Each structure stands twice: as C-alpha cells, then as structure tokens.
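Please keep the sequence and the model open while reading.

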Amino acid sequence: MPAAPAIDTAARRCAAVLAAGGLLLPLAACTSGGDDAPQGDSGAARDVRAVSRDDVTDGGTLRWAVDAMPTTLNVFQPDATGATTRIAEAVLPALFTLDSRGRPQRNGDYLESAEVTGTEPRQTVVYTLAEDARWSDGRALSAADFRAQWKALGGGNSAYWTARNAGYDRIAKVAAGDTPRQVEVTFKKPYADWESLFTPLYPKSVMGSPDGFNEEARTRLPASGGPFAVKPLGKKDDRVTLVRNDAWWGDEAKLDRIALTVVPRGERGAALAAGKVDVAEVTPKLAERIDGVHTTDAKPRGKERADGKTAGKPRKKTGDLGTYDVRRALAPAYTQLALNGASGPLGDERVRRALARTLDRGALAEKALADLGLPAQALGSHLRMRDQAGYQDNSAALGGRDLESAQALLADAGWESGAPATGDDPDAPVDAKEKGAEEGKNRDGERAEQRADEMKGLEAGRAAAVRTKGGNPLALRFLVPAGPGTAVTRATAEQVSDQLAEVGIRTRIERVEDESLFRDHIASGDYDLALYAWPASAFPATDAGPIFAKPVPAGNGSLTVRQNYTRVGTDRIDQLFAAAVGELDREERQDLLSRADSRIWAAAGSVPLYQRPQLVAVREDLANIGAYGFQTPRYQDIGRTE
C-alpha cells in the first residue's frame, strides 16, 4: 500500500458524506453571467414550492431529518457536518447568499453595500453594514467580528483547529472604515473570490480565542444573528432545536421552531410513513415509493366542486407517504470515476485515457437519472455544474467514447489482447463484503447477493479478451460505496465494469462500507478505480485548486496530495488555478478556469459522469422548502399554508 498522504480532513469528511448519499450542500458561488431562470438551463436547478410570505401561516414546528447530531456548531472545524451548515445558515449572518445558479447575492439584511474600492497598491474591499444588523445580545455587528474571524482563520495561529483558511490567508488587514458601520479589508494579493469570506460570520466571542473556537462553539453559540437561534446541545440529544430569534431585525420567521431530527437513512421511510418528520432527503428507492402512493392512491382528498375546487374534509395529513411530495433537483455535487495515477497500470496516462474513452458517459447518466424525473445528460466539467453560471463543457479535451482509439492507446502502452477470463481465474472480481464473510465479519443473509455481484463481474470479464502485459492481466480493483442510498452508484459501477470489459480491462468490484471508503482506501491511495460523489463549489477558483493540485513528495517519504486523491496533476494546472484565484476580471477568470478544466480532462485522473440527484420528501402543506440545489434557503419564509 502506498505511503499515507498528508490529507485535508474536512474534504475527506465531506466526500465521505457524499459517498454515503448524505445531505448535499453547496460550498460557495461563482459570478459569471447566464440565464436568470431559477430552474436554470436544465429545468432542474431547484424544486421548491414558492409561496408569498403573506400566504404562509405563523407558528408551528418543522421537523427536518438529518443524518446525525452535529459534533460542533462551528462550520470551520474539521468535523463539521451538513447539519452544522444547516444551523449556521439559519442562525448566523450570511453577507452573501447563493441564487439557484450558484451566484453570490448581497444580503440586504446585513449589507447596504460591499465593493472593491481599490486594487493598487493592494486590493481593498469596503463593507457597509446594515443599520439594524446586530447580535442577539444587542451588540452591533462591527469590524471587531470581522477581525476576529480573520485572525482565527488566517492560518497564523496554530492554536485554532481550523479545517481551512482559503482566502483568509490572503488578507493583510481588517480595520474600521470611515463610518462606524463600515469595515475595510485589505488583501496581501488580489483575491477573486472575496465574496466567499465572512459567510457565515461568527461573533468575536467565538472567534476571539482558541478555546471559544475549538471547544465552546461545539455545543453552544453565545449570540445569534439570524432569524433563528440555536438551543445549546446536550450529550444525549437526538435533535437540534432552532427557535425564532426575537432580536432579529429582518422579516420575522414564520415558524416558531425548526427541529433538526436525527433519522438514519435506512429508517426514513418508516419515519415519513409514521408522520415523525416533515422534510427528509430520500433515496431514489424511497422517492419511487412515495411516487407510487400518489399514483395508486384512489382516496379522494375532498369532493370536487363544479368550479374545480375541493370541498369537504381533505385526506388526513399524517401517517402515510401520500401526504408528501418529492421535490427533485440536480444537486451541487457530481458522481465521478476516480483513477489512481500514483502507481500500477493507471500510472500510465495512455491507459487512463484509454479507459476514459471507453466510457459511454451519456448512457451512464441516462440510467442513473432518467427514471428519477431529472434531465439525464453527462456532465462536461470538473469545476461547475450544468446550471451553474459559467458552466462550459470541456470534455472534448479528452474525447468521447471511442473504442478504436482506446484499443490503440492500450496497445501502445504494451497491453496486448489475451485469452478470455475463465471461471476459475484467481484474479476474479471480489466483493469486499464477501471477503469479510470469509473472515467471519459479514452480516447474515448477504452472501447470496454478494455472490450474484461477483458472478456479474466475472461475466463482464468474459465480454472481451483480457489484455495482458508481461504475463499480468489488466485487472483493476474497483471500489464502490455500500451504504444506504448508494444503489444508483453501484448500478453505475456495474455499467462501467461492462463497458471497460469491451476493450479487455477487467475490474474487481469491491463494495466498501461508506465510513471506510475514504478513511481506509481513497485517502491512502489503496485503490485503482473508485466511484464516489464529490461536492461542487460555487467558488471553483479557490476550492477546486487543492482538488487537482499536483502531488508533491513530503520530507518523510509520503506524498502530499491535499485533496487530490487521484494523485494526477500537472504544473500547468496549478499555474492556471493560481492565476484564476487572483484574477478580478470575471471573463478573464472564466477563461483561466476553462483552460484548467480542459487540462484536467486531458490528464484523465478523474472522469465526471453525471450530476447527482437531490430528492427531498416534503409534507404537502409546507412552502418555500424543497430541493434547493445551490440556492441558499430563506429560513424566515419557510412555513405551512392553509
């Protein structure tokens, strides 16, 4: 096994959550132009039942399913989760929110203005805070809060256990402006994604000391600055309660409270049917069940009147799946095939390119998305999603499905056509869970299913003569997640395996438990191929750089890969990202990122397949909530209608 790399724990945790089908949340935004339609070019950028605030009733509790209790309320800590982000969005200032195209929008509740006021000799940004913006303890938001956050996240003090310092490490100074409500931020060098900073903004009581940052903010926030406030967390709690913030100066929250309730993925069907939660992200299988209830349910919801409206008592709103709608959008995340280029056959770029050109990405997207009611098109970018502003398909740099070209590349790399695989081949595909069974670890009743998967892999291996080089077969370990909600990913893996077999590449599919996939395999480089989800960023110039950065040897003999788990990168890709992150001109920045993306495609370290589905079950009487895609929820507008 390769030496363990220096890794970004936050990225590993985020990717592991996504591999498990976890809550999909956007990381940030992009500022290019494009169609302003909320549903985007695909028609699936978001799916929310939008209702005017005047038509939303006051009061009530919303029960929102989450995967687990957050271990911290500080989104900048390595172990922050999707629930941590959800809480921060509702209770803390967000200077910029995201629209459905992933573009930052100035939040008028906190900012009167924010603009670059100078670039020479240094870039300067001046924020003018809203007159009423204040913390729940009565103190006005001020430069002191900005300064404390910069000091905590700037990377200059190792006592702060931060997950990342991107952008904050470019700041030279934070000072009060010409008026009490102005904050002036001066940068050491130009920073294109300055709108990503100070969102969320924490009070200086959290950011002002390592203890407040590292420990106190795990269970409580001393002050809130949003439409809701969070109750302190208890060790035995199985829910997080957000209550209406009476000190909030903006539009009053319609709900009395939001209860983020822990419901494991495998238990959500039962919880929804029992009416125990109101909103839950669901698997495609559960979404199909809910759709089926609506299709076959013949119970009237009320007698239809001559004018087309209904009269009489509607169907009971609790206790069955028919009281929910499934909201569908393309999530701000994508499924990719990762090719480990550190060693083995995939260390040869010709083999990686041949493998990539064997894939029918359109067919993979069709099978994964079409039955879900979502547009089924292959994703053409590593850096932006289809409806994201500035999206550009750069896959031509690698080329589409071309079996003849793939065969030629493999032959050029020395991989010759060989004999078809046989049933007693010792290199036959192996399921990780089956191996666990031989060690006495797998659960009862799973072996038949696992044997069927193994035999399917064998059949794929027989589809073409397996190529060999020096007497060794071109056989690759192919890791896929095995947890709840990963059925679509596993089906994609089987398709990929079948397609690769057409050019003589044999795959040994191993299903690995979600928690172990990144921790024990992807992060350490213990794989050849892997299929998993990766979050999109609304600020790709900043956030995508570490994902595709060229790995460098560390002093201890390990490989520093940052977030580049494929171990494939080039100096030129790094140079393009470095230029993009400091380019203030939007069009120039877009061009730099497009060129970087083309080179990432050409290097064939990772192959984006399709944007992931975001399926959210929402009780029918709820408004302004659903599948948000990139869009930041407006929590004060969520509520019920009559």
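Axes are lines fitted to C-alpha atoms, for helices over the stretch in contact, and the angles between N-to-C directions run from 0 to 180 degrees. With that in mind, and remembering that this is a predicted model, one can turn to helix α8 (residues 349–358) and helix α10 (residues 403–412), which pack at an angle of about 160 degrees with their axes 8 Å apart. Because angles over 145 degrees count as roughly antiparallel, α8 is roughly antiparallel to α10. The crossing in which α8 passes α10 is left-handed. On the side of α8 the residues that meet the partner helix are R350, V351, R353, A354, R357 and T358, and they face L403, S405, A406, L409, L410 and D412 in α10. Sorted by class, this contact of α8 with α10 has six nonpolar, two polar and four charged residues.

Aromatic rings come next. A pair of aromatic rings is described by the distance of the centres and the angle of the planes. The structure holds 18 aromatic pairs, and one of them joins F96 and W194, whose ring centres lie 5.8 Å apart and whose planes stand at 85 degrees, so the pair is edge-to-face. This pair links distant parts of the chain, since F96 belongs to strand β4 (residues 96–98) and W194 to the loop between β9 (182–187) and α4 (204–207), 98 residues apart. Both F96 and W194 are buried. F146 and F198 form a further aromatic pair, which is tilted, with 4.8 Å from centre to centre and 45 degrees between the planes. Here too distant parts of the chain are linked, F146 being in helix α3 (residues 143–153) and F198 in the loop between β9 and α4, 52 residues apart. F146 counts as buried because its relative accessibility is 0%, and F198 likewise counts as buried at 0%.

Most residues other than glycine have a negative phi, and most peptide bonds are trans. F198, in the loop between β9 and α4, has a positive phi of about 60 degrees although it is not a glycine. In that loop one also finds P200, and the peptide bond from T199 to P200 is cis, with omega near -5 degrees. Another cis peptide bond joins E120 and P121, with omega about -5 degrees, and P121 has its place in the loop between β6 (111–118) and β7 (124–129). R562, which is not a glycine either, has a positive phi of about 55 degrees; this residue is found in strand β23 (residues 559–562) and counts as partly exposed because its relative accessibility is 45%.

Leaving aside neighbours within four places in sequence, I638 is in contact with V56, L62, W64, K254, L255, A623, N624, I625 and Y628.

Notes:
Residues numbered from 1 in each chain as written. Predicted model: local features only at pLDDT ≥ 70, side-chain atom pairs only at ≥ 80, totals over all residues. Heavy atoms only, no water. Contact = heavy atoms within 4.5 Å. Helix = DSSP H or I, 4+ residues; strand = E, 2+ residues; numbered from the N terminus. Parallel < 35°, antiparallel > 145°, perpendicular 65-115°, else oblique. Left-handed = near helix turned anticlockwise from the far one by under 90°. Nonpolar A, V, L, I, M, F, W, Y, C, P; charged D, E, K, R; others polar. Phe/Tyr/Trp six-rings, centres within 6.5 Å; stacked < 30°, edge-to-face > 60°. Buried < 20%, exposed > 50% of the residue type's maximum accessible area, 1.4 Å probe, protein only.
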